[in-house]
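Please examine the sequence and the structure shown here.

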Amino acid sequence: MFDLCERAKELDAADQLAAVHDEFVLDDVVYLDGNSLGALPANVPGRVDDVVRRQWGELRIRSWSESGWWTAPERIGDLIAPLVGAGAGQMVVGDSTSVNVFKALVGAVRLAGGPDAGRDEILVDAATFPTDGYIAASAARMTGCSVRAVEPGEVPGALSPRTAAVLLNHVDYRSGRLHDLPSLTAAIRAAGAVSVWDLCHSAGALPVGLDAHGVDLAVGCTYKFLNGGPGSPAYLYVRREHQAAFDSPLPGWNSHAEPFGMRSDYEAADGVVRGRVGTPDILSMLALEAALEVWSRPDVSVDAVRAKSLALTDFFLECVEEYVPEGRVEVVTPAAHGERGSQVALRCEDAGEVMSRLITAGVVGDFRPPDILRFGFTPLYLSYGEVERAARVLAQSLA
């Protein structure tokens with residue numbers, strides 16, 4: 001135990017992201033649930049106060065132009081874009097992840113030609129987050145398609161001339177497995193289908209490379225590793241080459257070519273703006289914009305975050321192996337770096353009770369039924385000392 005404690009101190013002393021810790025509101029709790037809700041960035045309360053008191057309270061309607069409210073969805077989209085390897089003008093922020101999955105999936109079927117072109121099947125990640133599956137089933141009913149659930153690794157063999165769209169999670173929310181986005185996207189494109197990637201558990205934690213790997217459409221939330229706050233708006237990525245043909249199933253006045261023309265007929269705006277629907281949720285959107293400022297620091301980059309993420313999860317697994325009695329837990333998350341997101345999942349038969357004891361002891365992770373202990377590692381504010389402490393407390397909670 002002494003050796004691991006000392007090594008944690010050495011690792012913290014050499015950590016180039018250590019100073020970023022002060023950019024967040026934290027306490028003595030070891031917070032390993034940033035893959036569900038990120039910690040509060042310290043600059044957000046002041047920014048929200050300004051939005052409420054001055055922009056809304058004093059400027060009122062003038063803030064749509066004078067405070068940049070109207071252009072916020074695209075402006076903030078351009079802040080997120082480099083974090084997932086996308087160029088400017090391809091991402092719009094707004095609505096929830098579920099709504100954006102619906103827009104993207106129906107839009108993907110339409111881009112592929114749908115049943116009229118013989119493409120009447122949607123492939124969906126068999127282990128997907130439940131909502132993605134619900135949305136896929138609804139999108140299939142709306143477009144005249146069927147849905148088939150397949151494991152991500154089986155997608156290349158499941159593709160056929162009938163495939164219209166493929167909806168996959170970059171990182172499995174339960175196990176933390178990182179799927180091979182480059183090769184899967186290439187296979188989907190080669191089959192003439194349209195890829196839709198859910199980036200909820202990868203954006204802000206690891207490189208994605210949307211542009212470089214030819215991803216067609218992508219969605220994701222901002223309240224996990226991007227620390228945008230509870231219910232912060234999600235985003236939709238529409239690859240530039242698809243924007244002129246992207247046909248959203250939710251055509252709202254905000255995506256109209258003449259939003260203030262109040263015409264009864266709909267004409268989609270140019271570019272990624274057509275991914276908008278209704279009036280933007282300004283309060284949470286501008287809180288998110290403030291939260292993203294941490295990425296403008298010279299010492300913060302996606303590559304640096306990824307390197308620390310892997311180091312943190314490696315160290316946690318080493319500590320678990322050292323401290324936890326043999327056979328008490330099973331590591332579900334892949335050991336290979338190329339297959340690991342920024343979380344560690346452990347299988348434990350009494351996982352719900354164990355997590356309750358951990359939280360009481362000041363280590364916050366979460367429990368996924370029936371038997372998964374899930375720990376998220378946010379490199380921007382997590383230290384190696386906290387990781388060592390978490391593993392030690394876990395061992396005590398399992399005793």
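The text below considers a helix, a loop residue, a surface patch and several charged pairs.

This is a predicted model, in which local features need pLDDT of at least 70 and side-chain atom pairs count only at pLDDT 80 or more, while totals for chains, interfaces and linings use all residues. Residues are numbered from 1 along each chain as its sequence is written, and side-chain values use heavy atoms, with hydrogens and water left out.

Helix H6 comprises the 14 residues 130-143; helices (H or I, at least four residues) and strands (E, at least two) are DSSP runs, numbered from the N terminus. The expected span of a helix is 1.5 Å times one less than its number of residues. Asp132, Ile135, Ala136, Ala139, Ala140 and Thr143 of H6 are buried, where buried means under 20% relative accessible area, exposed over 50%, and partly exposed in between (1.4 Å probe, protein chains only). Viewed down the axis of H6, these buried residues fall within an arc of 140 degrees, so they line one face of the helix; the arc is that of the directions from the helix axis to the C-beta atoms. On the other side of H6, Tyr134 and Arg141 are exposed. The cover over the buried residues of H6 includes helix H5 (97-112) and strands E5 (121-125), E6 (146-150), E7 (163-169) and E8 (194-198). After H6 comes Gly144, whose phi is positive, near 80 degrees.

Ser255 is located in the loop between strand E10 (235-238) and helix H9 (282-291). Ser255 is buried, with a relative accessible area of 0%. Beyond neighbours within four places in sequence, the contacts of Ser255 include Tyr266, Glu267, Val273 and Arg276, contact meaning heavy atoms within 4.5 Å.

Charged pairs form a further topic. Side chains of opposite charge can pair when their charged atoms come close. A salt bridge is a side-chain nitrogen of Lys or Arg within 4 Å of a carboxyl oxygen of Asp or Glu, and the count by this rule is 30. One of them joins Lys308 and Asp15, with the closest N and O atoms 2.6 Å apart. This pair links distant parts of the chain, 293 residues apart: Lys308 is in helix H10 (residues 302-323), and Asp15 is in the loop between helix H1 (2-13) and strand E1 (24-25). Both Lys308 and Asp15 are buried. Arg239 and Glu241 also meet in a salt bridge (3.1 Å, N to O). Salt bridges that share partners join Arg189, Asp216, Arg239 and Glu241 into one network.
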